[in-house]
Amino acid sequence: MTLYFTKDHEWIRVEGETATVGITKHAAEELGELVFVEARDAGTVVKAGDSIAVVESVKAASDIYAPVDGEVLDNNPQLSDDPARVSSDPEGEGWIVKFRLSNPDQLSALMDADATPP
Amino acid sequence: MSADTLLHTPLYSLHTESGGKMVPFAGYAMPLNYADGIMAEHRHVRDHAGLFDVSHMGQVRLRARSGDGEAAALALERLVPADMVALKNGKQRYTQFTNEKGGILDDLMVARMGESLLLVINAACKDADIAHLQDELADCVVEVLEDRALLALQGPEAEAALAALAPAVRDMKFMDVLEVDVDGALCTISRSGYTGEDGFEISLPAMDASRVARKLLEQPAVKLIGLGARDSLRLEAGMCLYGSDIDETTTPVEAALEWSIQKSRRRGGARAGGFPGADVILAQLEEGVSRRRVGLLPEGRAPVRGGAPLYADVEFATPLGKVTSGAFGPTVEAPVAMGYVATDYAAPQTSVVAELRGRAVPAVVQALPFVPARFKR
């Protein structure tokens with residue numbers, strides 16, 4: 001398992017071909033308490049940079065972008081009833097989307113946990 | 001505008017000391033929220049008392065050159081559709097500056113204090129409003145009160161909190177205005193606000209603002225509240241935000257603000273018309289309008305925000321208008337919005353459809369406000 005970060009303050013936990021994506025503690029603090037989270041449906045094929053989810057605070061909507069190419073496998077079912085879980089535990093229970101990597105080589109362009117303090 | 005050219009209100013240090021997340025707003029560095037966040041701040045105002053810095057707003061004293069208060073009221077009636085002459089000493093009223101097409105240049109509060117009128121205008125419109133007053137009211141002196149700050153204290157515990165420093169405010173009713181000493185500062189206090197709660201707006205000398213604000217904050221019921229919660233509170237209260245819900249292209253009648261146009265200024269009234277766009281606005285009062293501002297309750301949990309198109313149908317075949325403000329309402333605990341729809345669809349409980357990220361979100365037209373007002377009448 002390897003943990004990566006993007007410059008958009010997302011984290012990606014890679015286990016084999018599967019990547020789990022969420023937002024960092026810093027991003028969660030910046031957004032404030034979330035009131036709504038909506039992720040792309042399972043089966044959606046995305047390119048790096050495509051929106052894979054929208055997180056909304058009282059004030060504003062923010063996109064979560066696919067860090068690398070892949071296909072959405074699942075999204076966090078807990079978040080439809082309790083979007084604030086992203087705020088309270090952004091790097092654990094508040095994960096947003098799981099997807100299958102279609103081009104794992106792209107991971108090398110991301111920052112790993114050792115290089116970047118979350 | 002870069003951070004170092006933003007203006008600061010007299011409470012800037014208090015905001016930064018208190019963990020305010022400062023953002024640019026109408027040329028000022030203003031607090032969006034503090035450590036507790038928008039949701040908690042919003043609820044604190046509905047349950048207790050919140051202190052807002054609204055010193056970025058413009059404060060203007062208008063006097064007739066003759067010195068006569070009624071002459072000043074008559075002069076201001078040349079620019080607004082409300083009855084200013086009937087506004088009693090020590091009372092406040094809401095109105096709009098209109099343009100020749102009946103559109104709204106700004107909305108404002110006007111208080112009658114002796115022979116003067118005190119105007120509170122929006123920060124973003126300040127310069128244009130002052131120029132407008134100076135250009136159009138040559139018979140008046142327009143004094144911009146640059147050295148005064150403005151605080152708002154809002155919520156069910158606002159009266160007790162302010163009365164601890166100024167007992168006389170207990171006797172004020174909604175829209176009353178009173179000059180009161182608060183901790184040695186001569187304040188002009190109105191019982192009004194922008195949250196739908198009981199509360200006060202406190203105009204005071206800039207040099208006293210930080211001290212008085214800190215005195216109020218010593219009371220456990222009172223917390224600082226940022227612009228984020230101010231926006232969600234006013235939206236739940238059904239109040240317009242200038243530049244979003246009303247602007248130069250919307251008339252007071254389209255905006256459902258006709259309650260602010262008294263009979264004396266309407267057709268057949270003692271001083272009918274005589275303000276810019278009166279022909280358009282007075283005709284609309286009698287003949288109706290093709291679109292109206294309404295409240296909207298979107299289905300589900302997703303906030304529908306300003307700019308979202310509105311339709312009659314899920315196929316998006318019949319456009320009705322658009323959303324002008326939308327957010328998640330922390331007190332309603334659901335998304336709330338307002339916007340303009342074709343008049344045939346403006347009746348409460350009418351079903352409409354908002355377009356959100358390409359999808360159809362059903363919404364129901366809802367009578368405003370979303371949260372009942374708790375003014376002290």
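Me: Where in chain B is B:F316 placed?

Reply: In this predicted model, which only reports local features at pLDDT of at least 70 and side-chain atom pairs at pLDDT 80 or more, while totals for chains, interfaces and linings use all residues, B:F316 lies in the loop between β15 (309-311) and β16 (319-329) of chain B. Residues are numbered from 1 along each chain as written, chains are lettered from A and ligands numbered from 1 in the order written, and side-chain values use heavy atoms, without hydrogens and water. Helices (H or I, at least four residues) and strands (E, at least two) are DSSP runs, numbered from the N terminus.

Me: What makes the phi of B:F316 worth a remark?

Reply: Most residues other than glycine have a negative phi. B:F316 is not a glycine, yet its phi is positive, about 60 degrees.

Me: Which residues does the cis peptide bond join?

Reply: It joins B:L368 and B:P369, with omega about 0 degrees, and B:P369 is found in the segment after β19 (359-366) of chain B.

Me: Why are α2(B) and α7(B) called oblique?

Reply: Their axes, which are lines fitted to C-alpha atoms over the stretch in contact, with angles from 0 to 180 degrees between N-to-C directions, come within 8 Å and cross at roughly 55 degrees. Angles under 35 degrees count as roughly parallel, over 145 as roughly antiparallel, 65 to 115 as roughly perpendicular and the rest as oblique, and α2(B) and α7(B) are therefore oblique to each other.

Me: Which residues of α2(B) and α7(B) meet?

Reply: With contact meaning heavy atoms within 4.5 Å, B:I38, B:E41, B:H42, B:V45 and B:R46 in α2(B) meet B:G228, B:A229, B:S232, B:L233 and B:E236 in α7(B).

Me: How much area do chain A and chain B bury between them?

Reply: Buried area is the accessible area (1.4 Å probe) that two parts lose on being put together, summed over both, and for chain A and chain B it is about 1300 Å², with 53% on carbon and sulfur atoms. In chain A, A:V35, A:V58 and A:K59 lose the most area to chain B, together 47% of what that side buries.
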